[in-house]
Amino acid sequence: MTDRYDLVIIGAGFAGLVCARVAADRGLKVAVVEKKPEPGVQLHTTGIVVKEAAEELHIPARLTRAIRGVRLYAPGLRQIDLESPGYYFLATDTAGVLRWLADEAERAGATLLFGAAFERARHEDGGIVLDSPAMRTRYLVGADGARSAVARCFGLGVNRRMLVGVESEYVGIGGVDPDRLHCFLDTELSPGYIGWAVPGVGVTQIGLAGRLGEKPSADGLAEKLRGVFDFSQARLVERRSGPIPVGGRVRPVAAKNVLLMGDAAGLVSPLTAGGIHPAFRYGKRAGQVIGDHLLDGGPDPGRALAREYPRYRWKALLRRALDRDPPNWFYDWTLGAPPMRAIAQLVYFHHDGLKSRAGWRDLLRGR
């Protein structure tokens, strides 16, 4: 017998679980289908939450730790400290946050189906029928990651430009300033992006990303950082890797009764590769708009959210500059100069980019 739902969401990541909670709170019968066996396993994200995302969704304090600034390192390990009054990042127990979101979605009334892989679906009699798992829904959301099966099934846009990220979690690393995100410029180790060391919740996360096909070396970064931090008592506890879409929003993002969200929709900054803020923001908006549509005859969710989803124009331009791989000598030479400091301030603390008045003030002051 086929189960019937108002909304089925494929993918139990940040976007999918936030959408499920909001839609279930509105009174929709919601199911979330996830191929992983339980929430918070097989992670592919560092889990850094920027201030804007923290204001969208109030995560329990026990699962986070505030970080107030950034320490940016040139390839030769020269460094500058950056901060902005009132701004912060949250390092998170990412697995714990996903478990909490899953509990919140279930508490709102959503059904979570873990260990169930989406295979095929089709339009039928005004709704959508899924072959596996067998269910029927009035609306379908694809929140199933950078290589979305929902996008392929319904002929929607797919991510064609990606980075690959690799990260290792350690305990016992000494000398890591707990109030800084440590970011490392090095085009030889991480072509097209950066490396990082995050003083996380109970662990230190060391990772980097590079263009797909040029897989970066987490071990190479760790070896370099032995000159910065104390690894004498370090113990590796986990490794992870995964694709990061940086081509901007895919097109189209919707079909009849089908919508893409999160990484599946390309809602990841092409510049910073940050996707948690748009996952929170547009996961919530999707739950609201789909509820309005199904319960009250509101606007078509696909058309409404296609107008709201970010376009990332200026960040895409800066992504092209990064893809040219400025030589390491350039970073060693310019780090700390007023223009470079101003650009770094804009990137890390002004997420509206060139639309940010505060960002322009920083640029004009040459901070």
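Select Arg 240 first. This is a predicted model, and in it Arg 240 has 10% relative accessibility, so it counts as buried. What does Arg 240 form a salt bridge with? Show Glu 167: the closest N and O atoms of the two are 2.7 Å apart. Arg 240 sits in strand β16 and Glu 167 in strand β12, so the pair links distant parts of the chain, 73 residues apart. Is Glu 167 buried or exposed? Buried: its relative accessibility is 4%, and the cut-off for buried is under 20%.

Arg 211 lies in strand β15, while Asp 325 lies in the loop between α8 (313–323) and α9, so the pair ties together parts that are 114 residues apart in sequence. Arg 211 is buried, with a relative accessible area of 17%. Asp 325 counts as partly exposed, at 23% relative accessibility.

Next, a set of charged residues. Select Glu 119, Arg 120, Arg 122, Glu 124, Asp 131 and Arg 136: salt bridges that share partners join them into one network. Side chains of opposite charge can pair when their charged atoms come close. How many salt bridges does the model have? The count comes to 24.

One of them is formed by Glu 104 and Arg 21, at 3.1 Å from N to O. Glu 104 is in helix α3 (residues 94–108) and Arg 21 is in helix α1 (residues 14–25), so this pair ties together parts 83 residues apart in sequence. Arg 21 is buried, with a relative accessible area of 18%.

Go to helix α9, residues 328–334, and click Trp 333. At 64% relative accessibility, Trp 333 counts as exposed. With Trp 333 they form a nonpolar patch on the surface, and together the three have about 420 Å² of accessible area.

Now for the strands. Select β5 (residues 69–73) and β6, which pair in the antiparallel sense over five bridges. Arg 71 has Asp 81, in β6, as its bridge partner. The two strands form a hairpin with five residues between them. In the turn, Leu 77 has a positive phi of about 75 degrees.

The last stop is an open sheet of three strands. Its order is β3-β7-β4, with antiparallel pairing. Which are the edge strands? They are β3 (49–50) and β4 (64–67), each pairing on one side only. Two bridges join β3 to β7, residues 89–92. Finish at Val 49, whose bridge partner in β7 is Leu 90.

Methods:
Residues numbered from 1 in each chain as written. Predicted model: local features only at pLDDT ≥ 70, side-chain atom pairs only at ≥ 80, totals over all residues. Heavy atoms only, no water. Pairing = 2+ DSSP bridges. Helix = DSSP H or I, 4+ residues; strand = E, 2+ residues; numbered from the N terminus. Patch = residues over 30% accessible without salt bridge, like charges linked within 9 Å, V, L, I, M, F, W, Y side chains within 5 Å. Areas by Shrake-Rupley, 256 points an atom, 1.4 Å probe, with all protein chains shown as cover. Salt bridge = Lys/Arg side-chain N within 4 Å of Asp/Glu carboxyl O. Buried < 20%, exposed > 50% of the residue type's maximum accessible area, 1.4 Å probe, protein only.
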